[in-house]
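Subject: Structure for your review

Dear colleague,

Please find below the structure that I am handing over to you. My notes on what was found in it follow directly after.

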Amino acid sequence: MGINRRNFFRAVGLTGAALGTGIELSASPPKGSEKEMLGILYDSTRCIGCQSCELACALANGLPEPDPEDYPVPGILRKTNETRRSVINAFETSRGEVYVKHQCMHCNQPACASACLTRAMYKTEEGPVIWRDEKCMGCRYCMVSCPFDIPKFEYNSPNPDIVKCNMCFDRVKEGELPACVADCPAEALTFGTRRELLTEARRRINADPDTYYNGIYGELEAGGTGVLYISPVPFEELGFNTSIRKGSYPELTKGFLYSVPSIFVLWPAMLLGIHNATKNNAKNDEDHES
Amino acid sequence: MNHRDYSTPPDNDGRPIGKFLVTQLRPRGRILTVFNMISVPIMTLGIALIVIRFVKGIGAVTNLSQEVPWGLWIGFDVVTGVAFAGGAYVVTFLVYILNMEKYRPIVRVTVLNGFLAYVFYAGALLLDLGKPWNVVNPIIGNSFGVSSVLFLVAWHFLLYMIAQLIEFSPAIAEWIGARKARRILSGMTLAAVIFGITLSTLHQSGLGALYLMAREKIHPLWYSEFIPILFFVSSIFAGLSMVIFEGSISQKVFFDQMNAERHRAHDGILHGLSKICTLTLLVYFFMQVVVFVHGKHWELLATRMGAWYLTEMIGFVLLPMILYFYSYRTRNITLIKIAALVTMIGVIINRLNITVIGFKWDAASHYVPSWMEIVVTLTVLFVEIWIFRWIVRRMPVLREPPAWAKEH
């Protein structure tokens with residue numbers, strides 16, 4: 001049974017999305033490790049928009065406490081910024097008001113981590129994408145590269161940090177739940193391995209096809225993400241970026257990066273060859289141009 | 001050939017080096033020039049703004065936002081500036097690889113320009129970094145982010161600066177009168193040139209590759225998987241147009257540095273460069289057409305951004321190509337200079353279209369650089385020109401090398 005289920009999911013392309021993209025760049029965890037990546041499943045149908053997750057996130061990460069006057073209202077897009085890593089937004093949809101939580105998606109192959117030239121932005125073996133203060137030089141290439149616009153920068157600090165959700169990596173390492181998951185009173189958030197979460201998401205959709213839109217956001221988007229969403233309505237109604245490509249983003253620079261070694265081998269040899277071939281012309285090329 | 005006016009320092013044979021350097025630090029030439037009167041106040045203001053930037057953070061002087069993290073300092077200073085500095089690798093290719101002796105008179109000044117451009121654009125990059133003290137991390141090896149295009153670009157900047165310094169170093173040796181050092185350094189030139197051209201190919205295209213992951217953020221008329229190749233090809237005519245532009249100014253400003261022969265050769269050099277520019281612009285235009293057809297964005301041409309795209313392609317690629325071609329055929333030197341200017345404006349527009357104007361073109365609020373960002377950019381530019389002028393007035397850059405250096 002277990003093996004069958006595993007095979008089934010392989011076929012469906014869950015892990016296939018990650019493996020099928022070819023040779024992995026070094027930003028993704030080492031291939032040998034069979035560790036399953038952790039993630040969070042967010043169920044919009046259960047979320048009541050109470051913002052407990054926002055408060056829990058602020059307390060766990062030493063951020064300023066959220067302003068109680070600032071609550072989700074349809075038509076107003078609240079954004080994450082350098083003082084809040086996770087926000088809840090409300091959307092008026094074809095099936096009434098629906099809430100959506102926004103934070104880092106913890107991509108399987110994160111653009112930010114592959115963009116980072118110091119490996120400050122780092123995809124851990126466990127799954128969370130974390131940011132490491134002592135390595136970062138503040139170039140903000142992660143912000144340019146992230147298709148979800150997640151990393152934020154402290155523009156008004158002389159020693160600015162990059163701020164984003166790290167899935168409470170320190171807590172997760174100790175075996176605890178991420179703060180937002182732990183404090184969700186409506187069980188809208190579920191923590192587990194990505195594989196378990198996809199199974200659970202499918203189970204919920206199949207068990208109640210009338211309530212759920214048939215799709216899991218994050219299953220294939222950006223090559224698969226650690227945070228998965230299910231909702232009562234199509235995701236474009238919830239302000240999701242639907243132009244996100246299905247393949248991973250680091251793949252886009254792969255062709256360029258792979259051409260580097262060949263140019264480094266071919267160019268010098270070619271240039272030296274041309275230099276020697278044209279050496280004798282040097283004397284009589286005064287009128288070379290005409 | 002030896003001018004004995006204020007701008008031609010004597011060779012330093014046998015005198016103590018310390019004393020010589022002290023004499024060299026003294027200003028030369030007129031102090032109250034128009035350029036000085038404009039540049040000094042701006043540089044003073046710029047330095048004050050840089051202090052504010054380090055005390056209060058980048059947000060205090062720039063209009064950058066969470067959505068647009070790279071603005072004028074990257075899009076213009078670094079991305080556009082490096083394209084203009086491309087002249088150094090193209091001219092060294094012509095002279096040392098193709099052995100076209102005709103262009104030898106402009107090698108030194110072009111390499112010096114390229115070197116200073118890289119030093120100052122890397123300097124401008126430090127201003128843009130949130131934690132510039134960590135800039136050594138990818139270099140000293142505690143954090144190699146080898147999957148990053150920026151990692152490649154950073155290393156290439158560093159290595160190419162060293163290569164250019166080696167290419168230029170014989171002029172420094174001639175200046176301080178170090179004969180033995182000059183012999184050794186001259187022997188390293190070809191290796192440095194080959195290494196430098198290889199590095200340039202990769203990081204000129206690499207600057208474009210930086211934006212490959214910003215796939216949905218750049219307007220589709222400017223985003224394509226071919227950005228790296230387009231960046232590389234355009235750096236050829238961008239660099240050469242800069243050489244033509246800078247050469248025309250230098251010829252006037254540093255008139256006394258050049259001998260009669262050099263002045264005569266100048267027009268012939270510009271004429272030759274106009275041919276190369278015509279050809280590379282033609283290749284570039286053809287590639288842009290292929291990329292456009294490939295991208296299937298016909299419907300976008302009818303939009304505002306589409307009109308802007310057509311302006312760039314026709315007014316600043318096709319037009320300068322025709323100008324270059326026509327001036328080449330008619331040997332019209334003035335027209336060559338105009339073509340160079342139009343080409344340069346086109347390169348600025350192209351780079352800004354990708355990095356600033358077309359970046360998040362559909363966002364609610366647009367990034368427009370603050371006046372402070374512009375002043376800092378001008379400061380970087382002026383400081384570079386000051387250093388350039390200081391070196392040209394002292395070292396044999398435009399001037400003939402000293403007699404002892406001539407026999408190789």
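Please bear in mind that this is a predicted model. I begin with a helix pair in chain B. Helix α3 (residues 72-84) of chain B packs against helix α14 (residues 371-392) of chain B at an angle of about 20°, and their axes are 10 Å apart. The two helices, α3(B) and α14(B), are therefore roughly parallel to each other, and their crossing is right-handed. On the α3(B) side the contact is made by Leu72(B), Trp73(B), Phe76(B) and Asp77(B), which meet Glu373(B), Ile374(B), Thr377(B) and Val380(B) in α14(B). By class, the residues of this contact are five nonpolar, one polar and two charged.

The axes of helix α5 (residues 107-128) of chain B and α7(B) cross at roughly 145° and come within 9 Å. The crossing of α5(B) and α7(B) is left-handed. From α5(B), the residues involved include Arg108(B), Val111(B), Leu112(B), Phe115(B) and Tyr118(B), while those from α7(B) include Phe157(B), Tyr160(B), Met161(B), Gln164(B) and Glu167(B). The contact of α5(B) with α7(B) has 12 nonpolar, two polar and two charged residues.

Turning to the interface, 57 residues of chain A are in contact with 53 residues of chain B. On the chain B side, at least two residues each are supplied by α2 (34-56), α4 (87-97), α6 (137-140), α7 (149-176), α9 (189-209) and α11 (260-295). The largest share of that side, seven residues, comes from α9(B). The residues of chain B that touch chain A divide into 30 nonpolar, 15 polar and eight charged.

Chain A contains nine helices and nine strands. Of its 290 residues, 44% are buried. Among the contacts in chain A with a separation of 6 or more, 63% are between residues 24 or more positions apart.

One sheet of chain A is open and consists of three strands in the order β8-β1-β9, with mixed pairing. The edges are held by β8 (189-193) and β9 (227-230) of chain A; each has a single partner strand, so one side of each is left without a neighbour in the sheet. On average, neighbouring strands of this sheet are turned by 25° against each other, direction ignored. Strand β1 (residues 38-43) of chain A and β8(A) run antiparallel and are joined by five bridges. Within this pairing, Leu38(A) has Thr193(A) in β8(A) as its bridge partner. Helix α8 (residues 194-207) of chain A packs on the sheet and touches β1, β8 and β9 of chain A; the direction of α8 makes about 135° with that of β8(A).

Chain A also has a hairpin, formed by β2(A) and β3(A) with two residues between them. Strand β2 (residues 87-93) of chain A runs antiparallel to β3(A), and seven bridges join the two. Ala90(A) stands opposite Tyr99(A) in β3(A). Five of the seven residues of strand β3 (residues 96-102) of chain A are buried, so this strand is largely enclosed by the rest of the structure.

Ala115(A) is buried, with 30 other C-beta atoms within 10 Å. Leaving aside residues up to four places away in sequence, Ala115(A) touches Tyr141(A), Cys142(A) and Ser145(A), and also Ser148(B), Leu150(B) and Met213(B).

Most residues other than glycine have a negative phi. Arg119(A), however, has a positive phi near 55°. Arg119(A) is placed in the loop between α4 and β4 (121-123) of chain A and counts as buried, with 24 C-beta neighbours inside 10 Å. Ala222(A) likewise has a positive phi, near 55°. The loop between α8 and β9 of chain A holds Ala222(A), which counts as buried with 24 C-beta neighbours inside 10 Å.

Yours sincerely

Note on methods
Residues numbered from 1 in each chain as written. Chains lettered and ligands numbered in written order. Predicted model: local features only at pLDDT ≥ 70, side-chain atom pairs only at ≥ 80, totals over all residues. Helix = DSSP H or I, 4+ residues; strand = E, 2+ residues; numbered from the N terminus. Buried ≥ 20, exposed ≤ 12 C-beta atoms within 10 Å, placed from the backbone. Contact = placed C-beta atoms within 7 Å. Axes fitted to C-alpha atoms, helices over the stretch in contact; angles between N-to-C directions. Parallel < 35°, antiparallel > 145°, perpendicular 65-115°, else oblique. Left-handed = near helix turned anticlockwise from the far one by under 90°. Nonpolar A, V, L, I, M, F, W, Y, C, P; charged D, E, K, R; others polar. Pairing = 2+ DSSP bridges.
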